[in-house]
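Trainee: I'd like to learn how to read side-chain features in a model like this one. Can we go through them one at a time?

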Amino acid sequence: ILTPLTLMGLVAGVTPAQAAIVAGWNSFNASMATYPRAADTVGANITSTGLDTAGITRVLNSVSFRLGGSTNPWNTTSTVSTNQYVEFAVQPGAGFQVDFTNLQLNASRNNPGVLDLVLRSSVDGFTNNLGTQVSLTNSFNTYSFDLSSLAPQTGPVQFRLYGLNASAGVLFIANNSTNVAGGGFVALNGDITPTPTVSTPEPSGIVSLIAVGALGAASLRRRG
C-alpha cells in the first residue's frame with residue numbers, strides 16, 4: 001500500500017526506511033569465546049560489530065550465555081557500577097546512519113536470585129537509562145529496551161547492560177529465542193539508511209542570483 005508519506009518519498013527520490021535488524025548475537029559459551037565477539041546476524045551497511053563484557057565472571061556453559069557467580073559477581077547495589085557491564089557495539093558504514101528502535105534481550109536468572117538490568121549508550125557517555133529497568137525472573141522472557149529517543153547515528157555506538165540489586169552468586173542466563181529478531185538471544189534493531197545530504201549552491205549559481213537581484217533593484221529605481 002502506498003501511503004501519502006511513501007509517495008512523497010518516491011517523488012523526492014528517497015527510499016522509505018525499512019526497520020531491520022542492525023546486529024544480533026546467538027548464545028555461546030561465555031568462558032571459551034574470544035572477545036569482542038562479532039555478531040552472528042548483521043544488517044546491510046553495518047561494518048563493525050562486537051559483544052564484550054567487563055568486571056563479571058564469564059561462566060563455562062555450552063547451552064546458554066552465562067555471566068556472574070560468586071567470583072566477580074554482579075553489582076549488589078542500586079547504583080550503576082560503570083566498570084561492570086555487557087556491551088554491544090555497532091558501526092554503520094561510511095555514508096549511512098542507524099535510527100535505532102529497540103534492543104531485544106531473551107534472558108533469565110537462576111533461582112533463587114535477584115538481578116535487575118538497565119541499558120545505557122555511548123551517545124551520552126553512558127549517563128542516562130534507555131527504556132525502563134527490568135527485573136529478570138527464573139524463566140526466560142524477551143525484554144525490549146526502547147531506543148527511539150536516540151537521534152540517528154552515523155558513527156560507532158556502544159550499548160551497555162548494567163546489573164543492579166543482585167543477590168549473592170546470581171547468574172545472568174541468556175538463550176536464543178524466535179521472539180528476538182534474527183533468532184538469537186539479543187538484537188539491536190533499527191532503520192539503516194543513507195545519510196541525508198544538504199545541497200550547497202555552486203558559486204556560479206550564487207553569483208547569478210546576486211546579479212538577478214541587482215538587476216531587479218536597478219529596474220525598480222528606474223521606475224521610481
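This is a predicted model: local features need pLDDT of at least 70, side-chain atom pairs count only at pLDDT 80 or more; totals for chains, interfaces and linings use all residues.

Trainee: Which residue meets glutamate 87 in a salt bridge?

Mentor: The general idea: side chains of opposite charge can pair when their charged atoms come close. The cut-off used is a side-chain nitrogen of Lys or Arg within 4 Å of a carboxyl oxygen of Asp or Glu. Here the partner of glutamate 87 is arginine 160, with N to O at 2.7 Å. That pair links distant parts of the chain, 73 residues apart: glutamate 87 is in strand 5 and arginine 160 in strand 10. Strands are DSSP runs of E with at least two residues, helices are runs of H or I with at least four, and both are numbered from the N terminus.

Trainee: Is glutamate 87 buried or exposed?

Mentor: Go by relative accessible area: under 20% is buried, over 50% is exposed, and in between is partly exposed (1.4 Å probe, protein chains only). Glutamate 87 comes out at 12%, so it's buried. Arginine 160, at 16%, counts as buried too.

Trainee: How many salt bridges does a search of the whole structure find?

Mentor: It finds 2. Arginine 58 and aspartate 52 also meet in one, at 3.2 Å from N to O. Arginine 58 is partly exposed at 31%, and aspartate 52 is partly exposed at 22%.

Trainee: Which ring does arginine 160 lie over?

Mentor: For a charge over a ring, check that NZ of Lys or CZ of Arg is within 6 Å of the ring centre and within 35 degrees of the ring normal. Arginine 160 lies over the face of phenylalanine 126, at 4.0 Å from the ring centre. Arginine 58 lies over the face of tyrosine 35, at 3.6 Å.

Trainee: And ring against ring: how many aromatic pairs does the structure hold?

Mentor: There are 8. Rings of Phe, Tyr and Trp (its six-membered ring) pair if their centres lie within 6.5 Å; planes under 30 degrees apart are stacked, over 60 edge-to-face, and the rest tilted. Tryptophan 74 and phenylalanine 172 make a tilted pair, 5.9 Å centre to centre with 50° between the planes. Tryptophan 74 lies in the loop between strand 4 (65-68) and strand 5 (85-92) and phenylalanine 172 in strand 11 (residues 171-174), so the pair ties together parts that are 98 residues apart in sequence. Both tryptophan 74 and phenylalanine 172 are buried.

Trainee: What about tyrosine 85 and tyrosine 162: which geometry does that pair have?

Mentor: Edge-to-face, at 6.1 Å centre to centre and 70° between the planes. Tyrosine 85 is in strand 5 and tyrosine 162 in strand 10 (residues 157-164), so this pair ties together parts 77 residues apart in sequence. Tyrosine 85 and tyrosine 162 are buried.

Trainee: Which residues form one aromatic cluster?

Mentor: Phe28, Tyr35, Phe65, Trp74, Phe172 and Phe185.

Technical notes: Residues are numbered from 1 along each chain as its sequence is written. Side-chain values use heavy atoms; hydrogens and water are left out.
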